[in-house]
Amino acid sequence: MPLAFLFPFSCMAIWAGNAIVSKLAVGVLSPAALAWSRWMVAAIVLTPFLAHRAWRERAKLRAGFYQLAALALLGMVLNQTFGYYAAQTLGATEIGLMMGLTPLMTVLLSIWLLRVISILGLAILLGQGDPARLFTQGIHIGSVYMLLSAGTYALYSVLLKKWDLGLDNWSMLYGQVLCSLLFLTPFYLLVDGHWPDGRALWLILYAGIPTSALSPWLWMQGIALLGASRTAIFMNLLPVMTAGLAISWLGERLTSYHLIGGGMTLFGVLLAQLLVQPVVLRRRRLTLATCRED
């Protein structure tokens with residue numbers, strides 16, 4: 001499909017906007033309230049279109065319930081909740097840069113030199129220009145949340161490609177949305193429990209419709225058409241898009257450690273993707289050739 005790249009590209013544009021929403025929600029919505037309300041809105045929007053399809057596929061949904069629940073927990077609950085907690089103390093630019101680490105999490109066992117480049121860049125970014133600060137002052141709690149967020153989404157992407165539940169992407173999305181509500185509703189009631197006020201409406205609508213109801217389908221479609229590794233490369237666009245929006249909407253400014261640390265990290269990730277992928281393809285061809293000979 002010639003225009004398959006539009007699926008992950010559009011997804012990145014929506015995620016960049018969601019980073020801005022995460023910052024604007026600080027002081028208006030708690031992370032628990034935003035995480036819960038976005039998936040509630042997504043469920044309300046998707047149900048009229050997908051409930052009948054889900055009923056037809058109920059046997060497959062029931063059989064794959066535990067896998068769907070695991071995917072929802074990783075990609076929709078933990079990933080987003082960690083991101084919202086990170087937004088309490090990190091800027092949108094830093095959020096975008098650290099979400100761009102997700103491909104790195106998927107190639108941690110690749111060429112050692114590329115890992116060194118990426119990890120050194122990450123140390124500069126986390127230490128705000130001075131890697132030694134990691135040893136004297138530790139890692140900022142917001143950075144910890146974003147590392148956890150990137151890690152959970154990396155695992156989500158790997159499992160999404162690995163598990164074949166026999167469901168189309170819309171059914172997969174709808175099943176994960178409902179599972180997310182199962183996890184988030186008790187968390188929201190326990191931690192917050194207050195109904196969001198009118199000031200938060202447009203934030204919730206953006207987080208609930210394009211970010212929650214549309215972007216996961218775009219991402220799954222990209223993985224289905226391009227593969228997990230090629231789709232993950234598009235996450236390198238996220239820091240650039242997020243920084244552009246943060247500068248124009250929030251008045252944030254890029255610092256030298258953003259450019260150096262983020263640039264080194266993403267450069268290492270990009271090289272790993274470009275150099276490791278051909279090796280993986282050659283191994284697959286060799287395996288297929290061996291199987292045919294046998």
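This is a predicted model: local features need pLDDT of at least 70, side-chain atom pairs count only at pLDDT 80 or more; totals for chains, interfaces and linings use all residues.

The second largest cavity is lined by Trp 15, Arg 38, Trp 39, Gly 75, Met 76, Gln 80, Tyr 153, Tyr 156, Thr 211, Ser 215 and Pro 216, where a cavity is a set of points on a 1 Å grid over the protein atoms alone at which a 1.4 Å probe fits but cannot get out, and lining residues have an atom within 4 Å of a point. Two or more of these lining residues come from each of helix H2 (31–56), H4, H9 and H11, helices being DSSP runs of H or I with at least four residues, numbered from the N terminus.

Residues are numbered from 1 along each chain as its sequence is written, and side-chain values use heavy atoms, with hydrogens and water left out.

The second largest cavity holds about 70 Å³ of space, and the largest about 220 Å³, a volume being the space filled by probe spheres set on grid points joined across faces, edges and corners. The largest cavity has 17 lining residues, with Trp 15, Asn 18, Gln 80, Ile 95 and Met 99 nearest its centre.

Coming back to Thr 211, which lies in helix H11 (residues 201–226), its contacts (heavy atoms within 4.5 Å) beyond four places in sequence include Asn 18, Arg 38 and Pro 216.

Definitions and conventions: On a 1 Å grid over the protein atoms alone, a cavity is a set of points where a 1.4 Å probe fits but cannot get out, and a pocket is an open set with protein on both sides within 12 Å along at least five of seven lines; lining residues have an atom within 4 Å of a point.
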